[in-house]
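Have it open on your screen as you go.

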Amino acid sequence: MALIKIIIGSTRPGRFGNQPAEWIKTLGDERAEHSFEIIDLAEVNLPLLDEPQPALSGNYANDHTKSWSKTISEADGFIFVTPEYNHAAPAALKNAIDYLAAEWRHKPAAFVSYGVEGGVRAVENLRVVAGNLSMYSLYETVTLVNYWAQLDQDGMFVPSPDQITKAHKLLDAVTFWADHFKDARTKLQK
């Protein structure tokens, strides 16, 4: 059974990212043959990168890095939930990615983004980073343009039929590649 980690990329107080993360997890949980887990970077609370050696070395000095390494190593794929800050991904998300190297390799990466323009420039930014770390950046994405127009009277996100369709396609792709990359990862890590 593949384990997909859904990473909430914003750490801001009052952020929106937890709502699409929970929505995607609910849809994912309908797939009994896969497991989904939300990772909240606000709870992980990594300091600004403070490892004395580069991540490529795999020699981690800090307990928070070792814990983060374990969290990411056990995943078979990722769904990054990201806003767009100044045409890029949030600093907390980039920092969390930069802590590690081998732990990300040969795993699929999908994106759920949100903001005025739907967060598409943050995804462009993250695709470059994912490629450099040998992640497989998936075509399938869910983009939430002006998401605040889709909040109900209680402030809860209500996805459109098109967004639900795209979310299922994203989940189909990330689970397919997570399953198929398992054997390849084993061979490539030797």
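1. Let's start inside. The lining of the largest cavity has seven nonpolar residues, with no polar and no charged ones. Those residues are Phe-80, Ile-97, Phe-111, Leu-126, Val-129, Ala-130 and Met-135. Keep in mind that this is a predicted model.

2. How much space lies in the largest cavity? About 30 Å³. The count of cavities of 30 Å³ or more comes to one. Helix H5 (residues 120-132) gives the most to the lining, with three residues.

3. Now for the largest pocket, which has a volume of about 150 Å³. Its lining is made up of Arg-127, Tyr-139, Glu-140, Thr-141, Thr-143, Lys-166 and Lys-169. E5 and H6 are the elements that give two or more residues to it, and E5 gives the most, with four. By class, the pocket lining splits into four charged, two polar and one nonpolar residue.

4. H6 deserves a look of its own. This helix covers residues 161-188, 28 residues in total, and spans 39 Å from first C-alpha to last, close to the 40 Å expected. At Phe-181, H6 bends by about 40 degrees.

5. Phe-181 is also one of the buried residues of H6. Others in that set include Gln-163, Leu-170, Leu-171, Val-174 and Arg-185. What covers the buried residues of H6? Among the elements doing so are helix H1 (18-28) and strands E1 (2-8), E2 (34-40), E3 (77-83), E4 (108-115) and E5 (136-145).

How values were computed:
Residues are numbered from 1 along each chain as its sequence is written. This is a predicted model: local features need pLDDT of at least 70, side-chain atom pairs count only at pLDDT 80 or more; totals for chains, interfaces and linings use all residues. Side-chain values use heavy atoms; hydrogens and water are left out. The expected span of a helix is 1.5 Å times one less than its number of residues. The bend at a residue is the angle between axes fitted to the seven residues ending there and the seven starting there. Buried means under 20% relative accessible area, exposed over 50%, partly exposed in between (1.4 Å probe, protein chains only). Contact means heavy atoms within 4.5 Å. On a 1 Å grid over the protein atoms alone, a cavity is a set of points where a 1.4 Å probe fits but cannot get out, and a pocket is an open set with protein on both sides within 12 Å along at least five of seven lines; lining residues have an atom within 4 Å of a point. Grid points are joined across faces, edges and corners, and a volume is the space filled by probe spheres set on the points. Ala, Val, Leu, Ile, Met, Phe, Trp, Tyr, Cys and Pro count as nonpolar, Asp, Glu, Lys and Arg as charged, and the others, Gly among them, as polar.
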